[in-house]
Amino acid sequence: MPPFSFKFFLSVFGQVLPYLPVTLLIIILSIIFSSLLGVIIARGQLGSSKVWRTVSQGYVFVLRSTPPIVLLFLVFYGLPKLLLLSLNININDWQKSIFVIIALSLLFASNLAEVFKSAYLSVNTGQREAALMVGLSEWQAFYRITLPQAIVVALPNFANTVAALIKDAALAYVIGLLDMMGAGDNLISRNFGHHSLETYLALAIIYWILFVIIEQSAKYLEKYLGKGHTIASKSAEVVA
Amino acid sequence: MLKVRNFKKKYHQHEVLKGIDIEVNQGDVVALLGPSGSGKTTFLRGLAFLTPGDSGVITFDDQKINIESATPSDIKKLRRKMGFVFQNFNLFANKTAIQNVEEGLIIGHKVSKPEAKRRATEALKKVGLQQYANHYPSQLSGGQAQRVGIARAAALNPEIILLDEPTSALDPELVADVLQVIKHLADEGKTMIVVTHEMAFARDVADKVVFMDKGLVVEQNEPTSFFDDPKSPRLKEFLSRISAVNVADNSFEYEKAVQK
């Protein structure tokens with residue numbers, strides 16, 4: 001094994017960063033789709049319909065106990081077969097990134113459903129009742145009063161879930177997706193297995209920077225959205 | 001103005017309200033008393049359909065609602081005539097004091113923004129909190145929060161205000177200010193139903209006192225006869241059980257408020 005080459009280490013950034021947009025696109029689309037699905041599942045769990053409650057609870061149980069890499073393979077190999085056999089739709093020529101997005105969305109919808117559910121439940125029902133009594137409709141009471149408070153509660157857990165999603169998205173290269181990790185993996189292969197330390201170190205640094213950005217923006221959002229709550233904890237003593 | 005007939009409510013097998021009849025006239029302040037578990041709060045929340053009753057008839061002016069067949073639009077129409085003050089305030093935690101008052105005016109009642117601001121400011125002034133307009137609920141003391149709660153209900157100018165134990169969650173020294181605000185509303189001729197444990201307040205402010213026990217109205221009368229000449233054994237027992245100390249204490253808090 002050749003010694004650690006700082007020059008190679010620097011060159012890795014130039015090799016893998018062009019694929020950062022692929023990684024980011026997969027992450028962003030997965031966050032969007034898993035959030036939408038998560039809302040539907042949380043709604044099912046909180047709703048009054050017994051069928052929906054059972055279905056959504058079952059979904060959360062199954063998906064939460066599936067390892068990401070297992071689900072990734074199941075979706076990649078299983079979904080085309082399933083669709084071909086049941087609906088006669090051929091999706092074998094779909095891009096690999098689509099399978100990754102589907103797998104990550106399915107997986108993180110179950111985590112996010114739990115985040116949304118507990119955030120919603122943390123807002124006292126009295127808030128809704130008070131809104132109804134000043135003439136708001138159920139929907140207005142939800143999006144003007146309950147939702148803004150639930151978002152503030154959900155934000156730290158949401159950021160944690162997104163962090164987990166980003167890390168799991170790094171697994172996508174196992175089905176041959178050419179994202180940032182895939183580019184790094186190719187680079188190592190091209191060097192016959194040499195310089196893997198430099199490559200992975202460079203990748204780790206890129207992920208660290210990614211995380212700092214996410215952490216800081218979550219903190220900023222929390223502060224910005226949670227006016228009523230955060231200011232209170234600081235200046236309550238002054239007023240009272 | 002408001003007439004309720006045979007209001008019933010069951011939780012599982014337990015019958016909480018066994019048929020309440022009550023009548024409230026324009027300008028009346030009705031104090032609803034009774035031991036805990038007698039169903040006072042359940043009844044008040046039932047009137048506003050927050051926890052709907054099982055059966056009975058509510059007549060409000062020309063609107064007659066059969067509880068069993070009430071539609072969402074019936075309920076909405078009824079609620080527009082009502083203001084509700086909650087035991088634990090339920091101020092919108094994500095809005096400032098003045099936004100709490102404006103919310104119902106702008107969104108619920110389609111009042112223009114400048115007009116809503118004017119009315120909300122006036123409502124806060126009335127409860128003595130205009131300088132707290134831009135404070136969030138978490139920055140207010142319990143007494144201040146409840147006064148904002150009352151301002152929020154009163155600003156919509158409802159025909160009746162329902163107050164559910166408005167001072168029960170407050171520290172004793174904050175009770176007086178809130179009672180004072182309620183008394184002001186009474187003096188203005190507001191119609192109100194107040195569920196309360198403040199005997200001195202009920203005696204002084206109410207036009208009618210209703211005593212509930214075990215899901216039934218046991219006795220109702222104008223305050224002087226109610227307290228000085230209780231008829232039913234159950235009410236006699238209730239009044240004697242509220243210890244002399246307690247009454248003296250409440251009176252003290254209340255008189256302090258009146259003297260201000």
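Buried, as used in these legends, means under 20% relative accessible area, exposed means over 50%, and partly exposed lies in between (1.4 Å probe, protein chains only). The structure is a predicted model, in which local features need pLDDT of at least 70 and side-chain atom pairs count only at pLDDT 80 or more, while totals for chains, interfaces and linings use all residues. Residues are numbered from 1 along each chain as its sequence is written, chains are lettered from A and ligands numbered from 1 in the order in which they are written, and side-chain values use heavy atoms, with hydrogens and water left out.

**View 1. Helix α1 of chain B and the residue that follows.** Helices (H or I, at least four residues) and strands (E, at least two) are DSSP runs, numbered from the N terminus. Of the 8 residues of α1(B), 7 are buried, so this helix is largely enclosed by the rest of the structure. The buried residues are B:Lys40, B:Thr42, B:Phe43, B:Leu44, B:Arg45, B:Gly46 and B:Leu47. After α1(B) comes B:Phe49, which has a positive phi, near 60°.

**View 2. Aromatic pairs in both chains.** A pair of aromatic rings is described by the distance of the centres and the angle of the planes. Rings of Phe, Tyr and Trp (its six-membered ring) pair if their centres lie within 6.5 Å, and planes under 30 degrees apart count as stacked, over 60 as edge-to-face and the rest as tilted. By this rule there are 15 aromatic pairs over all chains. One of them joins A:Tyr120 and A:Phe142, whose ring centres are 6.2 Å apart and whose planes stand at 45°, so the pair is tilted. Because A:Tyr120 lies in helix α5 (residues 96–122) of chain A and A:Phe142 in helix α7 (residues 138–169) of chain A, the pair ties together parts that are 22 residues apart in sequence. A:Tyr120 is partly exposed, at a relative accessible area of 33%, and A:Phe142 is partly exposed as well, at 27%. In chain B, the pair of B:Phe7 and B:Phe43 is edge-to-face, with 5.4 Å from centre to centre and 85° between the planes. B:Phe7 belongs to strand β1 (residues 2–11) of chain B and B:Phe43 to helix α1 (residues 40–47) of chain B, so this pair ties together parts that are 36 residues apart in sequence. Both B:Phe7 and B:Phe43 are buried. Elsewhere, ring pairs link A:Phe4, A:Phe6, A:Phe9 and A:Phe13 into a cluster.

**View 3. Helices α5 and α6 of chain B.** The axes of helix α5 (residues 142–155) and helix α6 (residues 172–187) of chain B come within 8 Å and cross at roughly 15°, where axes are lines fitted to C-alpha atoms, for helices over the stretch in contact, and angles run from 0 to 180 degrees between N-to-C directions. α5(B) and α6(B) are therefore roughly parallel to each other, since angles under 35 degrees count as roughly parallel, over 145 as roughly antiparallel, 65 to 115 as roughly perpendicular and the rest as oblique.

**View 4. A:Ala141 in helix α7 of chain A.** A:Ala141 has its place in helix α7 of chain A, and at 0% relative accessibility this residue counts as buried. The C-alpha atoms of A:Ala141 and A:Asn111, which are 30 residues apart along the chain, are separated by 26 Å.
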